[in-house]
Amino acid sequence: MLDILYGVLVGPLKDMAGSPAFLAEVVIGGLAAGLMYSLVALGFVLIYKASGVFNFAQGVMVLFAALTLVGLMERGAPLVLALLLTMAVMGALAFAIERVVLRPLVNQEQIILFMATIGLNFFLEGFGELVWGSNVKRLDVGIPDSSFMVWGVQVNRLELTAAITAAVLVAVMAVFFQRTRIGRALRAVADDHEAALSIGIPLNTIWIVVWSAAGLVAIVAGIMWGAKSGVQFSLSLIALKALPVLILGGFESVPGAIVGGLIIGVGEKLAEVYWGPLVGGAIENWFAYVLALAFLLVRPQGLFGERIIERV
Amino acid sequence: MIYREAGQFKSTYASDQAVFPIRQDRIVVGLAVAAAVIAVPLVADEYWLQAVLIPFLIYSLAALGLNLLTGYAGQVSLGTGGFMAVGAYSAFKITSAFPRLSVLVAFLLAGLVTALVGIVFGLPSLRIKGFYLAVATLAAQFFLLWLFNKVAWFTDYASSGTITAPPRTVASVMVTGPAATAPVRYLTALAFVAVFAMIAKNLVRGRVGRSWMAIRDRDIAAEIIGVRPLRTKLLAFAISSFFCGVAGAEYVFLYLGSAETLAFDINVSFLVLFMVIIGGLGSILGSFLGAAFIVMVPIFLTNVPHLLGLAMPVALQKQIELMVFGGLIILFLIVEPHGLARLWQIAKEKLRLWPFPY
């Protein structure tokens, strides 16, 4: 009994203290993975904030964006052109989704919209494979996947680039939401659909803008994931990992998505490396969910979510 | 003309509260059950039973379970696959630990075990709801499957990591195992689903079902009129998980024969959720209609190109299948968000007035 307690409570901590450099590497690896989750979660948050739709298809949108980019580059388009074209494709996709899926479903219950995005998920997966083929593709954006040393700790260039990109993306989005006219309109819509409509904010346009923005975020996430592990269909499964991130951060919060992603990333790497061997490994698959679940019991609205005052 | 209840007077409370108050409904349901019990095993061939009817019945049971939880009690769950896995693995453990126990009892015990697990994973529903709860139930899905994968005890230390339905007889007829014939397995699944559908129907029109619906529609108001949220929600989780557990046990014992955890992955959860939504949230009949729809669509999509004489590579066919499936779901939600059950209801209303609508 004492052995077990020691193994769970003391041993891993001793290992951590024993080699701080390794711990730092694990943490950095976790941060990098968490950042990827954050990028996917960011797309979720954008759409949820503005339309109250829980967009399950965000993961497939990431995949679709990456596939389009790689497909265009394979056909000889230079990176910049391919990127612009991909943006155009995601914009067109947003437009199509708004027209075909969202508009007829206005005023339906949230669960119905949620199911519609799962349908969208299937559709896009089939469509992406149909157009671009289903083999694993390499995405090369000119950032080497190599490491350099900082104070005795390995740092990966690709992961560093991803971190900087994410930071820039969040900063741009914060400015966009706070300062621009459309950003304000977005926040108004998120606050209250009807009030926004009544002061003349075009709801349909806003939705297209928001889904396009989510598409842009999906491109960034797709490039980062794709450059790291190749563009393949397991990418869409990453989307599921973004769900506990959302729980942790709160569905409506952009900073929550980032911080939540980092916590999940680090937490799951630490758990896998230090506690995983105790139970036979591979706890990465569920640790995030259980962490989120435990967290929910204490703080149901997430870290930064809007506090809904009610007793259940 | 035919479907009209004029002249059918209720003279007792019992007849007024009957499950099917209209005589034509009783006749139709009776005929349907008789056809399912007698005609189908005689007419249907092995392929139909194994590929269509048995999965349909099993998925119907799972959809029934989820519909009780999501449609009636309003608690969205994405953990159905995990709960079905609990049912399958506990049925396997029970049959291997007690070889002389009737396999039917083993199914029910597996359901009980699943109900207990369901209560544990239903605990968060007391604090959270909506999508937060949906994501929380994903924890059940991933954790349970991981557990069954990692702990060899659950598979009786089988090196392949799979569980296999042992050969068992009920009244000296082979029900499970490789030697069991498709009609027998079909009838077993049918018996279970029929009994459980009756139980579900009676649950939802009684006190329990009404308290579930009260919680679903407005939890605070329900609490004020004296519905205890704790008990009601946990009961919903328990009973729903019981159904799903039995369905999971049947899934391995009557349908697949042997399975590993992959058979219960997240896609199963989504599939069952689709059945419930397409069939109709909060409808017993809807669970069956939804299951039939979801089981039939892929079979339809695989066979149509053949019938049209189009030869397609398998990969292309798979992709088109995904697209059509996704497209159909969206189309369905747009056309009738309340599901097939509502369409049936509308048809019945029309039928009542037909052929003189005024």
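**Domains of chain A**

I looked up the division of chain A and found domain 1 (42-233) and domain 2 (250-312); the bounds come from an automatic or database domain assignment. The model is a predicted one, in which local features need pLDDT of at least 70 and side-chain atom pairs count only at pLDDT 80 or more, while totals for chains, interfaces and linings use all residues. Residues are numbered from 1 along each chain as its sequence is written, and chains are lettered from A and ligands numbered from 1 in the order in which they are written.

I then examined the contact, to which domain 1 of chain A and domain 2 of chain A each give six residues; two residues are in contact if their C-beta atoms, placed from the backbone, lie within 7 Å. On the domain 1 side, I noted α2 (20-51) and α6 (157-179) of chain A as the elements that give two or more residues. Helices (H or I, at least four residues) and strands (E, at least two) are DSSP runs, numbered from the N terminus. I recorded α2(A) as giving the most to that side, with four residues. The domain 1 side divides into five nonpolar residues, no polar and one charged. Here Ala, Val, Leu, Ile, Met, Phe, Trp, Tyr, Cys and Pro count as nonpolar, Asp, Glu, Lys and Arg as charged, and the others, Gly among them, as polar.

**Helix pairs in chain A**

I followed α2(A) to helix α3 (residues 58-74) of chain A and found them packed at an angle of about 120°, with their axes 9 Å apart. Axes are lines fitted to C-alpha atoms, for helices over the stretch in contact, and angles run from 0 to 180 degrees between N-to-C directions. The angle makes α2(A) oblique to α3(A); angles under 35 degrees count as roughly parallel, over 145 as roughly antiparallel, 65 to 115 as roughly perpendicular and the rest as oblique. I noted the crossing of α2(A) and α3(A) as right-handed; a crossing is left-handed if the near helix is turned anticlockwise from the far one by less than a right angle, and right-handed if clockwise. A:Val40, A:Gly43 and A:Phe44 of α2(A) make the contact with A:Gln58, A:Gly59, A:Met61 and A:Val62 of α3(A).

Next I checked α6(A) against helix α7 (residues 181-191) of chain A: their axes come within 5 Å and cross at roughly 80°. α6(A) is therefore roughly perpendicular to α7(A). I listed A:Phe176, A:Phe177, A:Gln178 and A:Arg179 in α6(A) as meeting A:Gly183, A:Leu186 and A:Arg187 in α7(A). This contact comprises three nonpolar, two polar and two charged residues.

**Chain B**

I found α4 (residues 80-97) and α10 (residues 229-256) of chain B packed at an angle of about 60°, with their axes 7 Å apart. α4(B) passes α10(B) in a right-handed crossing. The residues of their contact divide into 13 nonpolar, five polar and no charged.

I also inspected β2 (residues 168-170) and β3 (residues 173-176) of chain B, which pair in the antiparallel sense over three bridges; two strands pair if DSSP finds at least two bridges between them. B:Arg168 has B:Thr176 in β3(B) as its bridge partner. In the hairpin of these strands, with two residues between them, B:Ala171 takes a positive phi near 50°.

**Between the chains**

I recorded 34 residues of chain B in contact with 40 residues of chain A. α13(B) gives the most to the chain B side, with twelve residues. That side divides into 27 nonpolar, three polar and four charged residues.
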